[in-house]
Amino acid sequence: MGILNRFSDIMKANVNDRLDRRADPEKTIDEALVQAREDLAEVKLETAKVMAAERAAKSRRDDTKERAAREHELAGAALRAGNEKDARKFLASEAKIREQLAADEESLAMAHENTEKMRELYNKLANDIQDMEARKSRIRAMMSMADATERLNSAGTPKRSASAAFEQYEDMANRRLDEAQAQAELNRRQGDGLDELREKYGSQPEETDEALEALKKEFGMDS
């Protein structure tokens, strides 16, 4: 299919529509850039052909126009010479030439339209390529920033988690230490009672009996 046959499709092509439907915008732009560059290369080749065709059509039109003008002049010259028959012949020839001239004018108009289309295609594709390259650069920059941010976030997360874990372990250790100290305090208090008394009075029974009897006498509790 020639580039001109795809004129409407190319002119309607919009990379924004593709980007809206794709998860990978950079890949989409790369694909669109490849197609646009291929089309642009084809446009350059086709433009040379179209412009050559327009120049040929214009040359044919101009030649036909000159021939018609020449026949018209000859008809006038024959008429001025008093030869109406020859004048009619020249006028009939001019009429046929002017029919050809109309066809040549139509061909030239079509060739000119094709040339204008090629210019539109060239400008559109050149602008699209420039825009897509700029957008690709912006997307790459944004993706790089996003990657860097994600790496920083990933690097920061373990530090925060470790810190939280250490704090938790410290709290647990402090609680266990408090509990151990409290238990030790309770043990000391229990030891200050029975254990010390058993040791004191159990190891000195005679002294304890004597002290007890003296204590009774002191308070008038003799048995």
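**Briefing: a predicted all-helix chain and its side-chain pairings**

Glu 71 lies in helix H3, where helices (H or I, at least four residues) and strands (E, at least two) are DSSP runs numbered from the N terminus. The model is predicted, so local features need a pLDDT of at least 70 and side-chain atom pairs count only at pLDDT 80 or more, whereas totals for chains, interfaces and linings use all residues. Residues are numbered from 1 along each chain as its sequence is written, and side-chain values use heavy atoms, with hydrogens and water left out.

**Fold and confidence**

- The secondary structure of the protein chain comes to five helices and zero strands, and from the N terminus on the elements run α-α-α-α-α.
- The average pLDDT, which is the predictor's confidence in each residue from 0 to 100, is 77 for the protein chain, and 65% of the residues score at least 70.
- Confidence is lowest in helix H2 (residues 15-21), with a mean of 58, and highest in helix H3 (residues 25-80), with 90.
- H3 is followed by Gly 82, whose phi is positive, near 85°.
- Of the 223 residues of the protein chain, 19% count as buried, a class that means under 20% relative accessible area, with exposed over 50% and partly exposed in between (1.4 Å probe, protein chains only).
- Among contacts (heavy atoms within 4.5 Å) between residues at least 6 apart in sequence, 78% join residues at least 24 apart.

**Surroundings of Glu 71**

- Glu 71 is buried yet has no salt bridge, and the nearest side chain of opposite charge, that of Arg 70, is 6.2 Å away; in this count Lys and Arg are positive and Asp and Glu negative, while His and the chain ends are not counted.
- The side chains of Glu 71 and Ser 93 are joined by a polar contact of 2.7 Å, meaning a pair of N or O atoms within 3.5 Å, where within protein one must be able to donate a hydrogen and the other to accept it, and residues adjacent in sequence count only if both atoms are side-chain atoms.
- Leaving aside neighbours within four places in sequence, Glu 71 is in contact with Phe 90, Ser 93, Glu 94 and Ile 97.

**Salt bridges**

- A search of the whole structure finds 10 salt bridges, each a side-chain nitrogen of Lys or Arg within 4 Å of a carboxyl oxygen of Asp or Glu.
- One of them joins the side chains of Glu 133 and Arg 37 (2.5 Å, N to O), and this pair links distant parts of the chain, with Glu 133 in helix H4 and Arg 37 in helix H3, 96 residues apart.
- Asp 62 forms a salt bridge with Lys 58, the closest N and O atoms being 3.1 Å apart, and both residues lie in helix H3, four residues apart, about one turn of the helix.
- Glu 105 forms a salt bridge with Arg 61, also with the closest N and O atoms 3.1 Å apart, and the pair links Glu 105 in helix H4 to Arg 61 in helix H3, 44 residues apart.
- Arg 61 counts as buried because its relative accessible area is 14%; salt bridges that share partners join Lys 58, Arg 61, Asp 62 and Glu 105 into one network.
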